[in-house]
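Thanks for coming. I will go through one structure, starting with the interface and ending with some backbone geometry.

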Amino acid sequence: MEGGYIFDEKDRHNAFISTLDLALFEPNGGPLEGIPVAVKDNITTVGIPTTCGSRILEGYVPPYDAHVVALLRKAGAAIVGKTNMDEFGMGTTTENSAFGPVTNPVDPARVPGGSSGGSAAAIASGMVDLALGSDTGGSIRCPAAFCGVVGLKPTFGRVSRYGLIAYSNSLEQIGPLGKTVTDVNTLMSVIAGPDARDSTTYDRLYDHTPNSDVKGLRIAVPKEYFGEGVDPAVAAKVQDAIATLEGLGAETVECSIPSMTYALAAYYVTCTSEASSNLARFDGVRYGPKVETVRSWHDEFRDHRGALFGKEVQRRILLGTFALSAGYYGKYYAKAQVARENVRRDFIRVLKDADVIAGPTMPSIAFCLGEKSDPLSMYLADILTVPANLAGVPAISVPCGTVDRMPVGLQIIGPHFADERVVDVAFAFEQEVA
Amino acid sequence: MVNESDVEGIAKLADISISKEELGAFTSRFNDILEYFDILDQVPPGEEGVPDLGNVLREDVVTPSLSQEEATANAGGTEDGFIRAPRVM
C-alpha cells in the first residue's frame, strides 16, 4: 500500500522546476510519514527529472536515487518536487537559472538568495515546511537568511553526497532547510550518517532533541563579521540577537579571523578549479540534449557547451581552467590551498576558547532582482558564508528580525561535528524571540 | 591580465565556444575577477592541504549496479547496447 499526497499549491515565486501533483509515500510510520518535502534540483531522484537548473541536463531522468533521497523515502516523506536553483549551484541570487529567476516571497521585487533559492522560497511561501538544499559557499544559509527561514550547512562529511551532482566536491554539503529549527533538526536526523558510497562520510548519526539552555555558552564574535562591507543596520540587528543570547546566560568574547582577508579569493579559486573538472562530463553523450555524432569530437562539444551552459557557468569553468593551467597553478590554486588551511586553523583556534562563533549570515538584506549584474560584486556578497565551507565546520542561519521589512539571518558556526550545538543555539534564540 | 586571444585559448581548452561578440565583455569581467584574486599574493608561505587526513579505501568487490538499459536510457543514441559518441579521429 502506498500513500499519496496531493500537491496543488500555486507556485507564485517560480520555486520549483518540476512538481508532482500526486506525491507517493510509504505509510511506514517513519518520522516524515506523509509530510511533503521539496528537493533541490541538483539532487538525483529516480523517475523525476533532475536538471541542476541547466539546459544541458534538460530531459534527464535519473536511474537512481541520491542517498539522502532514499533516506527521505524510507522516513515516509512525500517528495513533491524539485526546486529551482542557480545553474549547477553557481550564484547567490537564483537568477542564474535556465528556468527563470525565483522571487522572494517576502518581497517579489527582490531575489530569494541562492543558490538554493527555490528551496527557501518554497518554505517561505508556505508550499512546504521542509526542503533539501546544498551549500558550497553559502547556498543554504544565504537563501535561508534572505527569505526568513532556517538553514543548516552540516559539518563536511556528516551527510552523504552520493547522488548530489558535483560542482565543488571539497566544499559542498547537502543540508536541511525548514520553517523552524525543529524542522531542520528533524530533517537532519533523517539525512545524516555514514554511506559506503561517499568515502568522505563519517560514522556518526544525528539523533538529537534541541535544547534551549545556553547558560555559560561562550560565543566568539569576530570583528571581521561586522566590518567593512557589512550593512550597519544588518550588523546592529545581529548584535541585538547576540545580546538576546547573552540575556539567556551566554557569554561573548571578541575575536579575529585574520585569514578572512583572502578567504573569498581562496574560495573562488578552489570552487572554479573543481568545477572546471567536474563539469567536463556534460558533453551531450550520456545525458541531456544530444550532440550530433557526425561532426568531430571537440567541434561538437564546444558548440554544445557554448550553447547550453549559462554565462556564469561558462565563466567559472574558464576561471578554473585558467587557475589550473601551466604557469598559473602556483599563483592561484596552490596559494588558495594555503589560504584555505589558514582559514581552517583560524576557526579551530577561535573555537578552542569558545563554543560557537556568531555573526550575520549575509552582509546585507536581499538584493533587488537584477541588482548584482556584475559577477564580482555578487561574489563579494558570499564573504561571511564561504569561511565555514573552507574550514568544513557546521553553520546555521536563523531569522533574527528585519531591516526595511526584509529578513536578516543570525549565523551560528561551531567546531567540526558540533552540528547539534549550532542547532541548540539557534533553537534557544528562536524560542526566546517567538 | 589576460587578453581576448588568451580567453579564446582557455575556452578552447575548456571545450566551450564563446562568440566573437561576447569575447570583449567576457574578457573584461574575467580580468576584474583575476585582479581580485591577486589578494592571494598576500598569503604568507605555509602548508598546503590538511595534514591529518587519510585515504579511505575498500576492497574492489562487485556489487549490484545499474542494468545496461538503465545506464544507457538517457544517452542521445545507442547501438548494440553501446553509447554513440562523436567521431574521435
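How many salt bridges are there between chain B and chain A? This is a predicted model, so the pairs I quote are computed from predicted coordinates. The count is five salt bridges. One pair to look at is Lys311(A) with Glu22(B): their side chains meet in a salt bridge, with an N to O distance of 2.9 Å.

Turning to polar contacts, 16 residue pairs are in polar contact between chain B and chain A, counting pairs with both residues at pLDDT 80 or more. On the chain B side, two helices each supply at least two residues to the face that touches chain A: H1, residues 4-13, and H2, residues 20-37. H2(B) gives the largest share of that face, with nine residues. By residue type, the side of chain B that touches chain A divides into 27 nonpolar, 13 charged and six polar residues.

Next, the extent of the interface. The size of an interface is often given as the accessible area lost when the parts come together. Here the area buried between chain B and chain A is about 4,800 Å², and carbon and sulfur atoms give 65% of that area. Which three residues supply more than any other three of the area that chain B buries against chain A? They are Asp15(B), Leu40(B) and Asn74(B), which supply 14% of it. In terms of contacts, 46 residues of chain B touch 60 residues of chain A.

Now the backbone of chain A. As background, most residues other than glycine have a negative phi, and most peptide bonds are trans.

The peptide bond between Gly114(A) and Ser115(A) is cis, with omega about 10°. Ser115(A) is in the loop that runs between strand S5, residues 78-83, and helix H2, residues 117-124, of chain A.

Asn14(A) has a positive phi, near 60°. Its place is the loop between strand S1 (3-6) and strand S2 (16-19) of chain A. Is Asn14(A) buried, partly exposed or exposed? With a relative accessible area of 25%, Asn14(A) is partly exposed.

Phe417(A) also has a positive phi, near 70°. Phe417(A) is in the loop between strand S13 (406-413) and helix H12 (419-433) of chain A. The relative accessibility of Phe417(A) is 18%, and the cut-off for buried is under 20%, so Phe417(A) counts as buried.

That is the end of my part.

Definitions and conventions:
Residues are numbered from 1 along each chain as its sequence is written. Chains are lettered from A and ligands numbered from 1 in the order in which they are written. Side-chain values use heavy atoms; hydrogens and water are left out. Contact means heavy atoms within 4.5 Å. Buried area is the accessible area (1.4 Å probe) that two parts lose on being put together, summed over both. A salt bridge is a side-chain nitrogen of Lys or Arg within 4 Å of a carboxyl oxygen of Asp or Glu. A polar contact is a pair of N or O atoms within 3.5 Å; within protein, one must be able to donate a hydrogen and the other to accept it, and residues adjacent in sequence count only if both atoms are side-chain atoms. Helices (H or I, at least four residues) and strands (E, at least two) are DSSP runs, numbered from the N terminus. Ala, Val, Leu, Ile, Met, Phe, Trp, Tyr, Cys and Pro count as nonpolar, Asp, Glu, Lys and Arg as charged, and the others, Gly among them, as polar. Buried means under 20% relative accessible area, exposed over 50%, partly exposed in between (1.4 Å probe, protein chains only).
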